[in-house]
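Visitor: Please take one part of this model and go through it closely, giving the cut-offs behind each term as you go.

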Amino acid sequence: MTCETYIDPSPANFQAFKDLPRDRPINMLNLLLYRDVAEYPEGHEHAGKGWSGRRAYEEYGATSGPIFRRLGGQIIWRGQFETVVTGPEGERWHDAFIAQYPNAGAFFAMIKDPDYQLAVVNRTAALVDSRLVRFAPGEAGEGFG
């Protein structure tokens, strides 16, 4: 597994995201690696509860979900990690999902929402590493090409 971990986007990566078209549907691949014990900031209402990272992420889902759905988002695929076939040995994730947004503007509206900004503390507390990768939706089919 790589030594670098990622919870939030770098300025360069976020700028690249912002530079892409905002008026078409997007799919966001999420790869999640949870902390054994969630790490909340001191004084947060969930600090000291001893929640697992997975439990903190569930709280993130419960508190951010209504905002995500109100803006037209939906989860179009979800799975639990089993093994890496092609990639670095030792790389692992706990969960993965693809979130679909009607357009990038909906994603921006979500992350700017004041209630979402309160909810995202749970995501940060939950994760030791993650990936968030934007894709343009494509056509499903029977082959690899």
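Guide: Phe 14, Phe 17 and Lys 18 of α1 are in contact with Phe 107, Phe 108 and Ile 111 of α3, where contact means heavy atoms within 4.5 Å and helices (H or I, at least four residues) and strands (E, at least two) are DSSP runs numbered from the N terminus. By class, this contact has five nonpolar residues, one charged and no polar ones; Ala, Val, Leu, Ile, Met, Phe, Trp, Tyr, Cys and Pro count as nonpolar, Asp, Glu, Lys and Arg as charged, and the others, Gly among them, as polar. The model is a predicted one, in which local features need pLDDT of at least 70 and side-chain atom pairs count only at pLDDT 80 or more, while totals for chains, interfaces and linings use all residues. Residues are numbered from 1 along each chain as its sequence is written, and side-chain values use heavy atoms, with hydrogens and water left out.

Helix α1 (residues 11–19) packs against α3 (residues 104–112) at an angle of about 135°, with the axes 10 Å apart; axes are lines fitted to C-alpha atoms, for helices over the stretch in contact, and angles run from 0 to 180 degrees between N-to-C directions. The two helices are therefore oblique to each other, given that angles under 35 degrees count as roughly parallel, over 145 as roughly antiparallel, 65 to 115 as roughly perpendicular and the rest as oblique.

Helix α3 also packs against α4, with an angle of about 75° and axes 5 Å apart, and this pair is therefore roughly perpendicular. Met 110, Ile 111 and Lys 112 of α3 make that contact with Pro 114, Tyr 116 and Gln 117 of α4, a set with four nonpolar, one polar and one charged residues.

The axes of α4 and α2, in turn, come within 7 Å and cross at roughly 160°, which makes α2 roughly antiparallel to α4. Among the residues in that contact are Tyr 60 of α2 and Arg 123 of α4, and by class it has eight nonpolar, four polar and three charged residues.
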